[in-house]
Amino acid sequence: MTGAEAGAGGAPFAGRVAVVTGASRGMGRAIALRLARDGADCVVMYRRDAARAGEAVAAIERLGRRALALALDLGEPAEVAPAFARIGEVFGRVDVFVANAAATAFRPTLEQKRHNLQRTFAISVESFVAAVQAAVPLMQGRPGRVVAVSGIDSQQAMARHGALGAAKAALESLVRVLAMELGPLGITVNGVSPGLVETDSAQFYVERGISREYTEAVKRIIALTPVRRAGTGEDVAALVAYLASDAAGFLTGQTIVIDGGLTILSPLNLMQADPASGAGAP
Amino acid sequence: MAEDAARPLAGRVALVTGASRGIGRALALALGAAGAVVACAARTTEQVEAVAAAIRAPGGRARAFRLDVTRADDVLGQTGAVAEALGPVDILVNNAGITVMRQTLEVSDAEWDTILATNLTSMFLCARAVAPAMIARGWGRIINIGSMWGKNGVPRYTAYCVSKAGVDALTRCLAVEWARHGIRVNCLAPGYMNTDFPREAMADERTRALILSKVPLRRIGEPEEVAPLAVYLASPASDFLTGQTIYLDGGQTASW
């Protein structure tokens, strides 16, 4: 086994089926397209935007792969099992499941409504469990791959992210537990935790999440990020493609932070004009 | 992205320390297969000559170098020799390391110093030696080989654990300081691998069963399984990932 097999050399996912939630746009779309480029047939799960899901399906088909768009509301975990039953009918198998979709109400925790908390957790926690429960039988003893998309708010307190951060922390806990439980089957379970990635959702997260004007906020975050840029869907997709590959068979139970170094920077450095200079660090 | 997908490291020069056997050997072979020109370094050259030859056999480019990573003058001299022979180092894999199992009260000053010098200070010395050329060219990758024991308390392995925890901190500091120069620094931390060191421990059947019962995947890793992650971390595809320690351990650090 060499690195070439882990990369895009040839089609490492040929004949395999990848299911990606929230795949009609943004990061989910980038992940689905990357896996398709590497050979996978893809299920594009989406909630609302049938037109964009259709575009994602067309883009995957142009790569010569099969694609299926499935509309479901992950806020209703009962919808998950029937969706996977449909995948079973159409494709007969699942090899890779990527839990990417998330949604929440951004507000101070004291103002969180019960139904908002429930919906946030239904999407990131309950539906994730339901999907893994439904996907594992379709992996049929093969060394399947589960990858969950987490976020900075799982580990660091962020204003208005009380509900989503808690849900993502629960998701990362499930990554560890499922890695332990599914390890004997050869199935690996990992997470990726991106920093600022410029997608459709990024503007929403910045404006509603941390209540800043988007363009200014992005400039500020980029200035704070040691690599001096925002991430792209393709950055995250490349890491997901590695984790989903045969070459990553010994890596499980981890959530890998991919944030351009943002969260390892000492908070004291954030007060400086040139955050990465380290001048004045303790 | 115009890069050759099967050979994402084409045109890059990689230096791998401790390349004569185990994980270092596997990494050198994989980087070579991914297109890099590989400087295979070790304290003595006999085994490492064979590794370089194995990279050259299918058409790769590689050369063996004698290098004592504990000596600052040797690190400076030999990284200079690598640059002269192959070109400036684009990818540094800090892999060389040793361990000794001993009750902490019985560890001598010299032994402590040797373990820290070999496992930790060496990584600083090598990074310091190759970084100026990376900064000048605005691109570089440093992969430090850590260990899951860098975050655990392991009786009788104090110096080793301290050195590997130090590798994590070194990784973070170099990552944030050099990020703006296009240098990415990450730590790849293996769990139990099929190399000389755990193989000795696992010769005892009871120890082996105990270890495997704690690994969710119910097996130890092969050195070759570290390679694809190293190739990814060495490639342009990992440009947004820096300062992280990634555990490749069959799930061991995630479970208890």
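Chain A has a radius of gyration of 19 Å, which agrees with the value near 19 Å that a compact globule of 282 residues would have; the radius is taken over C-alpha atoms, and the globule rule is 2.2 Å times the number of residues to the power 0.38. This is a predicted model, in which local features need pLDDT of at least 70 and side-chain atom pairs count only at pLDDT 80 or more, while totals for chains, interfaces and linings use all residues. Residues are numbered from 1 along each chain as its sequence is written, with chains lettered from A and ligands numbered from 1 in the order in which they are written.

The C-alpha atoms of chain A fill a box of roughly 55 × 45 × 40 Å along the principal axes. Chain A holds nine helices and seven strands, taken as DSSP runs numbered from the N terminus (H or I, at least four residues, for helices; E, at least two, for strands). Buried residues account for 55% of the 282 in chain A. Here buried means 20 or more other C-beta atoms within 10 Å of the residue's own, exposed means 12 or fewer, and partly exposed lies in between, with C-beta atoms placed from the backbone. As for contacts (C-beta atoms, placed from the backbone, within 7 Å), 73% of those in chain A between residues at least 6 apart in sequence join residues at least 24 apart.

Leu182(A) gives a local example. It sits in helix 6 (residues 162-182) of chain A and counts as buried because it has 23 C-beta neighbours inside 10 Å. Setting aside neighbours within four places in sequence, Leu182(A) touches Val136(A), Ile187(A) and Val189(A).

Over in chain B, seven strands make an open, parallel sheet in the order 3-2-1-4-5-6-7; strands pair if DSSP finds at least two bridges between them. Strand 3 (61-66) and strand 7 of chain B are the edges, each pairing on one side only, and the twist averages 20° from one strand to the next. Strand 4 (residues 91-94) of chain B is joined to strand 1 (residues 13-17) by three bridges and to strand 5 by four.

Helix 2 (residues 45-56) of chain B lies across strand 2 (37-42) and strand 3, at about 175° to strand 3; axes are lines fitted to C-alpha atoms, for helices over the stretch in contact, and angles run from 0 to 180 degrees between N-to-C directions.

The largest nonpolar core has 175 residues, and those with the most contacts inside it include Ala32(A), Ala14(B) and Cys40(B). A nonpolar core is a set of buried Ala, Val, Leu, Ile, Met, Phe, Trp, Tyr and Cys residues joined through C-beta atoms within 7 Å. Beyond four places in sequence, the contacts of Cys40(B) include Val16(B), Val48(B) and Phe65(B).

Where the chains meet, the contact takes 39 residues from chain A and 37 from chain B. Helix 8 of chain B gives the most to its side, with five residues.

Conventions. Contact = placed C-beta atoms within 7 Å.
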